[in-house]
Amino acid sequence: MARQVYEAVADGILGGGVYALMAVGLTLIFGVLDIINIAQGILVVLGAYLSYVLSVHLHIDLFVGLLITVPVMFVIGVAIQWLFIRPLRGRDRASMSLLAAYAVALIIEGVLYRVFGPGFVVLRASYVYASVHLFGFYLSDIYLYGFALAVACVAALYLLLYRTRFGRSVRATMQDQTAARLIGIDVNRVAALTFGIGVAVTAVGGMMFGATSGGFNPNSGYDLISRLLAIIILGGLGSIGGALAAAVFMTTAESLVDIWSPDWAVVVFYVALVLVLVVRPTGLFGRRAARAQ
Amino acid sequence: MIWRAGGALAVLAILAVFPLAVTNAAVTTIAVDTLIFAAVAVAWNIFSGYSGYVSLGHALFFGGGAYTVGIAGRAWHSTGDAVFALLPLAGAVAAGLAVVTGVFALRVRRHTFVVITIAFFFIAQITASNLTVTGGSSGILAPSPNWDAATFNNPFYYLALALLVAATGASWLIRGSRFGLQLRAIRDDEDRAAGLGVRAMPVKLAAYVISAILTGMAGGLWFYFIGQALPQFAFDPLFDLSVVVMAFFGGLGTISGPLLGALVIEPAQQYLTLQYTNEYLSEILLGVLFLLVLIGLPRGVIPTGAEKIASLRARRTRPAAGAAPPGEAPAGATPGGAAVREAKP
Amino acid sequence: MTALLRVSAVSKAFGGVQALDDCTLEVEEGAVAGLIGPNGSGKTTLFNVMTGYERVDGGEIHLDGRRITNLAPRRVFALGIGRTFQLTRIFPRLTVMENMLIAVPRSGRRHHPLARAGGRADRRRAADLLEFTGLAGHADALADTLSYGQRKLLELSYVLIADPRIVLLDEPAGGVNPTLVHHLADRIRELNAAGRTFLIVEHNMEFVMGLCGHVTVLDSGTVVASGPPQIIRGDPRVLDAYLGTAGEDDDAAGR
């Protein structure tokens, strides 16, 4: 029994790393653009399909393929922001951006269905099924690689945000768009690039998701986005550290509940979200609610 | 004002005689579906349009109403017209769901609120798939109606129409009332409204509950109409997006906007689904349409249309100089919404 | 002459910044009082704690002898303090008349929630006030269509419809053309002559000195001077607060 619990916790933490990666991108987008990119779920699935195409049709290794899929997803992200979000006008820009993202998600899902059909696919690689024997239990190789990759990516994001000029622009825009504009920051450019970065991480997340999910299809986007949203809200909108903590917490909790009842395990995600919000409406690490909406 | 009321009555008259004139079952089926969605769109607008809190989880109430009629109908062995008597129960259950979810969801900011409604919706869908009382993934079958096959759709049609009239009436009453004014003030600046004495939580919750009741009854009717409740259709993620598109297209926060949106979009959606049995195309088109509406027609057809009419009318009559404070140019040469705006601070 | 509004030793800190530091001031009933001070001296914070938008760390606030410290904005408004904001807050998608009706206090009789928004009496009062401030012609226009100066007038109008005992104005003349500033000053004078008390935060010295009978100067969260405008004008501490003493504080001089 205890062994099961330890395994569940280990699985949860490792799995949490992957979710954290996808969630961090989402919370970054919110922090800078003040919009919830509800298309993130289907974008992860798109990333998974891209890895699938590279792997199955071009026989490129999953991890090597990232060198292609990450830039591609980055461009897609920039395009989405530039074409569909930036032109929105009006008082309700925040709500409209969310709805625009929803519309884009729907379109991508429809296209994926048309191109790939509703059948489930899996990302395969020799190491997907291998595992290593550590501390008395088996940890799948793929999860370890994925976790390492997640850590590397978050570290890279951290370096980008805190050690580069661009990162400084991003942080300035996060704090006060008007002030950032006044000191000469091209806020539109920052917004587009940040959206691109937030989506680019879905390439990594998508590959990992595809390799560890045991099968995905275009419909997988819904489940993903609901989990990601729950994670970033729990962690506090705009807080990267919070997204990390929340991701690990939730996947671990789900993992533990899964021991008793697989059917209800996924509900843990949402119930945990609701419970936390009752106590702390801004999430675990969220900023205090701004004055206006 | 008078011709507006006349216009409404004309529309009502047309809708009332429609099934008597058109007997093609395929067409009337789409018509029933449209009316149900129109009622939901108007109900959704009563909450989200007026308060500005976008709910993407109204399927919770729709599906909740559907399952209520299903479970109650099965428990009480209702058949025929008696099933319709269960609709108020569906509304009551939806109201309960709204209270329970609303007291949590309405305490948070708008961004978070949208996500919470989605969360509640998913909880509902998963719960319905897992519980035995809801039939799990097989759902619940509705009793077969026992009336004449030729006019099969008519009772559903007229009930849906009645529901639509009720929803529209409620929307109209609310908009002109103090309650509605407070809702719309909340939409513009909730903190300031609260500072002036508006009790935000009870006002939002009341709108949420009213919206839920109407949506729940629509769900119950829909269940009986299509004959079954399955988790993925009773709680369908596309449901809320369709409703939102309709409301936005027609005009968020207006009375007739969502109705217009439904009358245009729902038949189009149904037609596309029938024409191209590949339903993924309708998904793509819905998404594209929504993007076009958001970018090109953000305030919707009705407000934009009203503005165009107002500016046309103003251009024909001489502009009247308003009693402006000294030193200020009149706010614009044209009255109403077409006034020139100064750069905002 | 009784002190209508009394602020006693109020302190408020935001993180490491002490916005209000043992701040004490009084506003007499029937006065037009001014509150001046350099940027960052705590004027708006003081308004915020007076009206319940911020909680105090220490000290008390009394309205006509009644303790109102830390009460919610809704309660403070109901007790008779109306305020405007530096960044004007109106309801853009409501009409000018509807903006007025929102602020109308609920009368003792319970009104049916679905009743028409604003009875005849309320509408007439609103119309009179709009006439007074000069917005009568815009009653049915969306507040969104008003110019900057007109929005300030609207905010003042709807604050007045609740018949407050004291009106707090946060930079009412800021960013507004001189003619409108005079118009505003005249209106305030008229209202004051009819018995209404004002506390005004302003940077426009001409406006303050010409309108206010009593001026308080705030610097770094404390009151550094207080008295009639002629005295304040010449007080070296006031100059010091705004410009900083030469050599002592290079940052202040450069500001």
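A nonpolar core here is a set of buried Ala, Val, Leu, Ile, Met, Phe, Trp, Tyr and Cys residues joined through side-chain atoms within 4.5 Å. Keep that in mind for this predicted model, where the largest such core holds 256 residues.

**Nonpolar cores**
- In the largest core, the residues touching the most other members are A:Ile38, B:Leu56, B:Leu164, B:Phe248, B:Phe290, C:Leu154 and C:Ile188.
- Leaving aside residues up to four places away in sequence, B:Phe248 touches A:Met96 and A:Leu99, plus a set in chain B that includes B:Phe290, B:Val293, B:Leu294 and B:Leu297.
- Another core of 26 residues lies apart from the largest one, and C:Leu25, C:Val49, C:Ile61 and C:Leu218 are among its members.

**Chain B against chain A**
- Chain B puts 42 residues into this contact and chain A puts in 48.
- About 4,100 Å² is buried between the two chains, with carbon and sulfur atoms giving 74% of that.
- On the chain B side, B:Arg109, B:His111 and B:Tyr280 lose the most area to chain A, together 15% of what that side buries.
- Helices 5, 7, 10 and 12 of chain B each give two or more residues to the side touching chain A, and helix 5 gives the most, with 14 residues.

**The sheet in chain C**
- Here 4 strands make an open, antiparallel sheet in the order 2-1-4-5.
- Strand 2 (17-28) and strand 5 (66-67) are at the edges with a single partner strand each, so one side of each has no neighbour in the sheet.
- Strand 4 (residues 58-63) is joined to strand 5 by 2 bridges, and C:Leu63 sits opposite C:Arg66 of strand 5.

Key
Residues are numbered from 1 along each chain as its sequence is written. Chains are lettered from A and ligands numbered from 1 in the order in which they are written. This is a predicted model: local features need pLDDT of at least 70, side-chain atom pairs count only at pLDDT 80 or more; totals for chains, interfaces and linings use all residues. Side-chain values use heavy atoms; hydrogens and water are left out. Two strands pair if DSSP finds at least two bridges between them. Buried means under 20% relative accessible area, exposed over 50%, partly exposed in between (1.4 Å probe, protein chains only). Contact means heavy atoms within 4.5 Å. Buried area is the accessible area (1.4 Å probe) that two parts lose on being put together, summed over both.
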